[in-house]
Amino acid sequence: MTSTASPVFAIQRSDQRAAYDHGWLKTAHSFSFADYFDPNNVQWGALRVFNDDVVAAKSGFPPHPHRDMEIITYVLSGQLAHEDSMGNRGVVPPGGVQYMSAGTGVRHSEFNASDDEAVHFLQMWVVPGRNGTPPTYGQMEFDAQARENAWLRIVSGAPSIDAPIRITQDATLSVAHAAGSLPAYTFAPKRFGFLFVATGEVEANGERLGAGDAVRMYDVPTLEIAGDGEIVLWDTAG
């Protein structure tokens with residue numbers, strides 16, 4: 001896990017990510033992933049992967065394996081189709097989430113379900129709290145109004161947090177659409193936070209952020225957001 005001794009509020013600008021254009025896939029990695037490896041940028045708290053992906057129409061990732069990782073995918077625009085070795089199939093629309101605990105092992109594929117429109121999504125991996133569990137999959141859709149100027153908690157493994165999607169790690173994912181000011185988000189002491197601006201522009205504790213920018217936080221008591229944009233926030237143990 002990540003270790004740090006003093007409070008952190010560090011901005012990662014969009015162009016500081018590792019970005020690749022494969023033609024059918026445009027991707028940007030906030031942390032070490034695939035061909036990009038930086039020993040000083042492996043994870044933040046329990047958050048191991050944060051990829052910002054745009055997949056062209058009629059394209060996608062062919063079947064590939066995963067194990068012992070909590071994988072959360074949040075669709076920003078377009079339609080994402082899923083198939084896996086457990087027999088699950090589905091299409092996730094904008095604002096929808098798919099979640100997979102890879103556990104003892106699973107193979108899956110992710111494809112753009114559209115013949116003419118790109119799909120834009122965030123894929124996030126969290127180090128599991130328990131290894132060797134049976135693999136599981138699910139997907140959910142959420143009312144856009146539920147995150148309008150509000151923090152919508154959608155994923156958590158913290159016993160005290162009420163969220164519809166449960167994982168095995170002490171980590172919570174919240175999303176919001178800021179159209180003005182969001183309610184202040186309060187962190188417990190010694191927590192790791194990762195804020196990502198998916199679209200638009202906002203100010204976070206007075207710092208201006210644009211689409212693709214992120215903030216890594218540690219032991220920051222309060223996060224205040226104002227502006228106009230789609231926001232993703234992880235709150236994790238170390």
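Guide: Contact here means heavy atoms within 4.5 Å of each other. This is a predicted model, in which local features need pLDDT of at least 70, side-chain atom pairs count only at pLDDT 80 or more, and totals for chains, interfaces and linings use all residues. Residues are numbered from 1 along each chain as its sequence is written, and side-chain values use heavy atoms, with hydrogens and water left out.

Visitor: Is Ser 156 buried or exposed?
Guide: Ser 156 lies in strand S13 (residues 152–156); strands (E, at least two residues) and helices (H or I, at least four) are DSSP runs, numbered from the N terminus. With a 1.4 Å probe and protein chains only, buried means under 20% relative accessible area, exposed means over 50%, and partly exposed is in between. Ser 156 has a relative accessible area of 0%, so Ser 156 is buried.

Visitor: Which residues is Ser 156 in contact with, leaving aside its neighbours within four places in sequence?
Guide: Let's go along the chain. The contacts of Ser 156 include Ile 161, Ala 163, Ile 165 and Arg 166.

Visitor: Is Gly 60 buried or exposed?
Guide: Gly 60 sits in strand S5. Beyond four places in sequence, Gly 60 touches Trp 24, Val 55, Glu 110 and Phe 111. The relative accessible area of Gly 60 is 12%, so Gly 60 counts as buried.

Visitor: Which classes of residue line the largest pocket, and how many of each?
Guide: Ala, Val, Leu, Ile, Met, Phe, Trp, Tyr, Cys and Pro count as nonpolar, Asp, Glu, Lys and Arg as charged, and the others, Gly among them, as polar. The lining of the largest pocket comes to eight nonpolar, seven polar and three charged residues.

Visitor: How far does the backbone nitrogen of Gly 132 lie from a polar atom of the side chain of Asp 68?
Guide: Asp 68 is in the loop between S5 and strand S6 (70–77). Gly 132 is among the residues that Asp 68 touches beyond four places in sequence, as are Ala 102 and Pro 128. From the Asp 68 side-chain polar atom to the Gly 132 backbone nitrogen, the distance is 2.9 Å.

Visitor: Are the rings of Phe 50 and Phe 194 stacked, edge-to-face or tilted?
Guide: Rings of Phe, Tyr and Trp (its six-membered ring) pair if their centres lie within 6.5 Å; planes under 30 degrees apart count as stacked, over 60 as edge-to-face and the rest as tilted. Nine aromatic pairs are counted by this rule. Here the ring centres of Phe 50 and Phe 194 are 5.0 Å apart and the planes are at 50 degrees, so the pair is tilted.

Visitor: How many residues apart are Phe 50 and Phe 194?
Guide: Both Phe 50 and Phe 194 are buried. Phe 50 is in strand S4 and Phe 194 in strand S17 (residues 192–204), and the pair links distant parts of the chain, with a separation in residues of 144.

Visitor: Which residues do ring pairs link into a cluster?
Guide: One member sits in the loop between S3 and S4: Phe 31. At 1% relative accessibility, Phe 31 counts as buried, and Phe 31 touches residues including Phe 50 and Phe 194. The cluster linked by ring pairs is Phe 31, Phe 50, Phe 194 and Phe 196.

Definitions and conventions
A polar contact is a pair of N or O atoms within 3.5 Å; within protein, one must be able to donate a hydrogen and the other to accept it, and residues adjacent in sequence count only if both atoms are side-chain atoms.
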